[in-house]
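Subject: the two-chain model

Hi,

Here is the structure I promised to pass on.

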Amino acid sequence: MRKFYLIAAYVFAILSIAMTILPMGTIALLPALLTLIFSTLAFVNSTELQKFVPRIVLIIAVLTTLVILGKVVLVKDKVQNDTLFEQKKEENKKENLKDLEGL
Amino acid sequence: MSQRMKKTNLLLLLCIVSILSYSQVVPNEKLVFTASYNMSGLMTQIAQVTMQTEIVKTTKKSFLHLSWEAATFSKWDTFFKVRDQYESYVDPVTLRPSLYKRSIFEGGYSKTEKYIYNADGSTINSSSSIKNRPEIKKSFSISGSTQDVISMIYKLRTVDYSKFKTGQTVSFIIVFDEKEYPVSVKYMGKETVSAGNLGKKECFVLSIAAKTDKLKGKDKNLIWLTADSRKVPVLVRFSIPVGTGQLALSTSSAI
């Protein structure tokens, strides 16, 4: 059973790292929490000598959870000021006026 | 004040009243929505959508400029940047389009499209180009009542739904990607929903159906318009081939 918990913890840890990097928001908490659960189960079912790997995965799970929560609280949803897009819009407006004059 | 001036002022006032009462769309209206995409059952906020109106004057006449912009939040820009702009220049009273423009940039894919309607609205002269490909010019016939996708959204707001019965429909014809599509809008009833800075609002719920592969499901593309004279769109739920999502009004001004 320890092996199963450990493999599941690995899989969800990789997934949670990927989802932490991607701007997935609170949805990234799902694999992070599953990593926490499976790494804890693997840790509990390990002998003293086997506890090193589950401990590392557990630390990863805690760190990713903290990063995700930090991003949710601190990173606000906003649109970056895009000068190229604004410039294009202005040019577009002038072009539209020319077209409208011809109507 | 002379009799003539009084008459002119009265005429002007009547014109303004008729514009406001008919179109339900006032200039300088700004509606900002938050677009969310459904990921494994959870709505993830991905972009900001802005709908704006303004009066544009040429030497001959005035147009109501309707614009719709979508821009992904900065956190998504690295992965999938979207900068879309849809514009329609319409008659301020009838909302009949004269010029329609679409300029999209979606994760590296770009496309521009321009429709110029002839005077009687029966023909469109179009020009379109897809990234790195030459521009294609075309001329095609449309029915006189055909709207573009942007002016149709505003046209929806001119319908009086207060007398509608549940299931009653109203039809439109839109032109998109140089093709005409019949669009059917079904009145689904009333519902109170959250409407951003407007608070909770009682709304008309409308289901939009079009014979196109761009929209999926029956009664899965819904729009909530406030059940008042302004009929402000406050919530849109859509179902497209790649998933489902929603646009929720966050802020509104000059409504």
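**Two loops in chain B**

B:Lys231 sits in the loop between β13 (222-226) and β14 (233-240) of chain B; strands here are DSSP runs of E with at least two residues, helices are runs of H or I with at least four, and both are numbered from the N terminus. Its phi is near 45°, a positive value in a residue other than glycine. Most residues other than glycine have a negative phi. At 6% relative accessibility, B:Lys231 counts as buried (buried is under 20% relative accessible area, exposed over 50%, partly exposed in between, with a 1.4 Å probe and protein chains only).

B:Asp177 also has a positive phi, near 50°. You'll find B:Asp177 in the loop between β10 (169-176) and β11 (179-194) of chain B, and its 22% relative accessibility makes it partly exposed.

Before you go further: this is a predicted model, so local features need pLDDT of at least 70 and side-chain atom pairs count only at pLDDT 80 or more, while totals for chains, interfaces and linings use all residues. Residues are numbered from 1 along each chain as its sequence is written, chains are lettered from A and ligands numbered from 1 in the order in which they are written, and side-chain values use heavy atoms, with hydrogens and water left out.

**Helix α4 of chain A**

Now to α4(A), residues 83-101. Its buried residues are A:Phe85, A:Lys89, A:Asn92, A:Asn96, A:Asp99 and A:Leu100. The face turned away carries the exposed A:Thr83, A:Leu84, A:Lys94 and A:Lys98. What covers the buried residues includes β2 (42-57), β3 (62-72), β4 (83-90), β5 (97-106) and β6 (109-117) of chain B.

**Where the chains meet**

In all, 35 residues of chain B are in contact with 23 of chain A (heavy atoms within 4.5 Å). The buried area is about 2700 Å², with carbon and sulfur atoms giving 58%; that is accessible area (1.4 Å probe) lost by the two parts on being put together, summed over both.

The rule finds 8 salt bridges across the interface, a salt bridge being a side-chain nitrogen of Lys or Arg within 4 Å of a carboxyl oxygen of Asp or Glu. B:Glu54 forms a salt bridge with A:Lys93, the closest N and O atoms being 3.4 Å apart.

Cheers

Terms used:
The expected span of a helix is 1.5 Å times one less than its number of residues.
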